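The following report covers ring contacts and sheet architecture in a structure model. Please read it alongside the sequence and the coordinates.

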Amino acid sequence: MGTEIGDLLEKQEIEFEGLHGKKIAIDAYNTLYQFLSIIRQPNGTPLKDSKGRTTSHFSGLFYRTINLFEKGLEPIFVFDGKPPELKNKTLKERKNTRKTAKKEWKEAKQKGKDKEAYKKAIRSSKLNKEMVENSKQLLDYMGVPYVQAPSEGEAQAAHMVKEEDSYAVGSQDFDSLLFGSPYLIKNLTITGKRKLPGKDRYVEVNLERFNLEKSLNKLEITKEQLIEIAILIGTDYNEGIKGIGPKTALKKIKEHQNIDTVLAEIDESIDNVKEIKQIFLNPKISEEYEIEWNEPKNSEMKKFLCDERDFSENRVNKGIKRLEKSISDIRNQATLDSF
Amino acid sequence: MSFEAKINAGSFKDSIESISRLVDEIKLNINQEGISSVSADPANVAMVMFKLKKEGFEEFHVDEEMTIGFDLNRLEDILSVASMGDEIEMQSEEGNQLSIKVSGFDYKISLLDPSTIQQEPKVPDLDLPARIVLEGNKIRKAVRASEKVSDYLVFSTKDDKFIITAEGDNDSVKMELDESQLINIETSEDVRSIFSLDYLADMSKSIKKASETKIRLGTDYPVKINFNIVDENGEVEYLLAPRIESESTTSP
């Protein structure tokens, strides 16, 4: 998903303390997919309620959002709207990948090959409309604001950062930087010790902050040129040129200034270059969004999670307590710069 | 650019600890007068201003003003090998490495590039109507008692009494200090502010060593806490932003 420009960018490992009291516009689809992928049993089976419905994403949304509050930051979830038409091909491919992975997962699970099954399962995650609507409902009960984007969520989130309604975009993808967000925070919901996919090794995952302006200065290119580099490598809206990775793309763009000249020189073509550039430079976003912070609705949260989806009442009660305390800590603690 | 100094290990430890309670990395300014730093915790809720005059050192030479970047945890690790009465010798050329001689060990630590450390925070200009002077140990005791019942405490004054209260879900604790139990109190109005014990607990570990601690206080305003270290040669000032009660939450 997204574009592989990460290696080129200026990044800094940071601590949660540095984000204290800051609002982060989180790419909701990206995060829910993370939850669906990683919150699973060893053989790849996701968390389910007694009716057999997947609940991994609710568990992630509830507990990991509370973790974020406890670390002192305030999440705003931004949901994708209708994708640009150019994305349809990518979406179709993803659907096929999921279908194949699901078949292979079931086969591996039947054969008792847990490791293999897990590997396939995390690629089979599917987020349907009902799951999205229910996630919004849970966020509502938790008092956490969400914004519905008209099109790409990362574009809307980037816009909210530019408008200073939040400090940074939170996502595992880099597209928000192409959409012009000054800052991107990676690994918000997965910091700590994580298993490497498909391996038995564990790595420490830290928070990373990417800075658009510093990246452009370091690379000595414009934002438009960074977008052109992404298009050469491949985006959600086009396949990249075979054999061109981030480093080569950077070199070529710097050498020839723009993508048209690069394509002419290597005798290749990419469809819809102009349109794709426009998606990044002038994305469809909404100016009329409201960010409302509400008090958590405890009985609704309990009904949603415990009564309807078989979460442990004891654990949810503890979660609600943590949520209330951390929200009050953030909202009531003044900082010295306000005096 | 070079810096050379000799100082008692206990004094240096007290100095470093008063800062490391709040921050991990600092920019230390060194000039003819001595050393100083201003730093805020990453959340900008608390600030520490630290000064140690050259008289606090046994020897102190610096040829021109310099700023060096320190990792305080690394320094504390090194100081942990020293006994209180030991002497510490420090030396730095060009500000990228610091050699420290302590208890027969000869350390060389790399310094941090000051530009990678958090910018010096803007110190707010505060006009605080209440001024209380008391033994540092009394603050430490009040903080410890409050921690048992709550996450916050309230500093307030009423008719020349300094009152510290903490209220938890079920329990509460109150400590009233009148003029006879304080070194001094001057107030032009009654004040009241709430503070997080997370921060006060750390600060009070350094405050408790001071025989005289000055507190300046307002209503829903930051508290300023000053005390001397290394006899009268060093000064520490803590600033802590208050918790502001919003209408929707129950008061602590």
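Over all chains, a search of the whole structure finds 16 aromatic pairs. Rings of Phe, Tyr and Trp (its six-membered ring) pair if their centres lie within 6.5 Å; planes under 30 degrees apart count as stacked, over 60 as edge-to-face and the rest as tilted. The model is predicted, so local features need pLDDT of at least 70 and side-chain atom pairs count only at pLDDT 80 or more, while totals for chains, interfaces and linings use all residues. Residues are numbered from 1 along each chain as its sequence is written, chains are lettered from A and ligands numbered from 1 in the order in which they are written, and side-chain values use heavy atoms, with hydrogens and water left out.

**Ring contacts**

Helices (H or I, at least four residues) and strands (E, at least two) are DSSP runs, numbered from the N terminus. Burial is judged by relative accessible area: buried means under 20%, exposed over 50%, partly exposed in between (1.4 Å probe, protein chains only). F155(B) is buried at 1%, and F162(B) is buried at 0%. F227(B) counts as buried at 2%, as does Y238(B) at 0%.

In chain A, ring pairs join Y29(A), F79(A) and Y146(A) into a cluster. The ring of F79(A) also has the charged end of K136(A) over it, 5.1 Å from its centre. The charged end of R40(A) sits over the ring of W105(A), at 5.8 Å from the centre. A charge sits over a ring if NZ of Lys or CZ of Arg is within 6 Å of the ring centre and within 35 degrees of the ring normal.

**The sheet of 4 strands**

In chain B, 4 strands form an open antiparallel sheet in the order β13-β12-β11-β15. Two strands pair if DSSP finds at least two bridges between them. At the edges are β13 (172–177) and β15 (192–196) of chain B, each pairing on one side only. Neighbouring strands are turned by 20° against each other on average, direction ignored. Axes are lines fitted to C-alpha atoms, for helices over the stretch in contact, and angles run from 0 to 180 degrees between N-to-C directions.

Helix α3 (residues 136–147) of chain B packs on this sheet, touching β11, β12 and β13 of chain B, and its direction makes about 165° with that of β13(B). Contact means heavy atoms within 4.5 Å. Helix α4 (residues 197–207) of chain B touches β11 and β15 of chain B, at about 80° to β15(B).

Strands β11 (residues 152–158) and β12 (residues 161–167) of chain B pair over 5 bridges, with S156(B) opposite I163(B). β12(B) and β13(B) pair over 6 bridges and form a hairpin with 4 residues between them. F162(B) has L177(B) as its bridge partner in β13(B).

**The sheet of 9 strands**

Another open sheet of chain B has 9 strands in the order β6-β2-β3-β4-β18-β17-β16-β10-β14, with antiparallel pairing. Its edge strands, β6 (66–71) and β14 (184–187) of chain B, have a single partner strand each, so one side of each is left without a neighbour in the sheet. Strands β10 (residues 130–134) and β16 (residues 213–217) of chain B pair over 5 bridges; R131(B) has R216(B) as its bridge partner in β16(B). α4(B) lies across β4 (46–53), β16, β17 and β18 of chain B, running at about 165° to β18(B).
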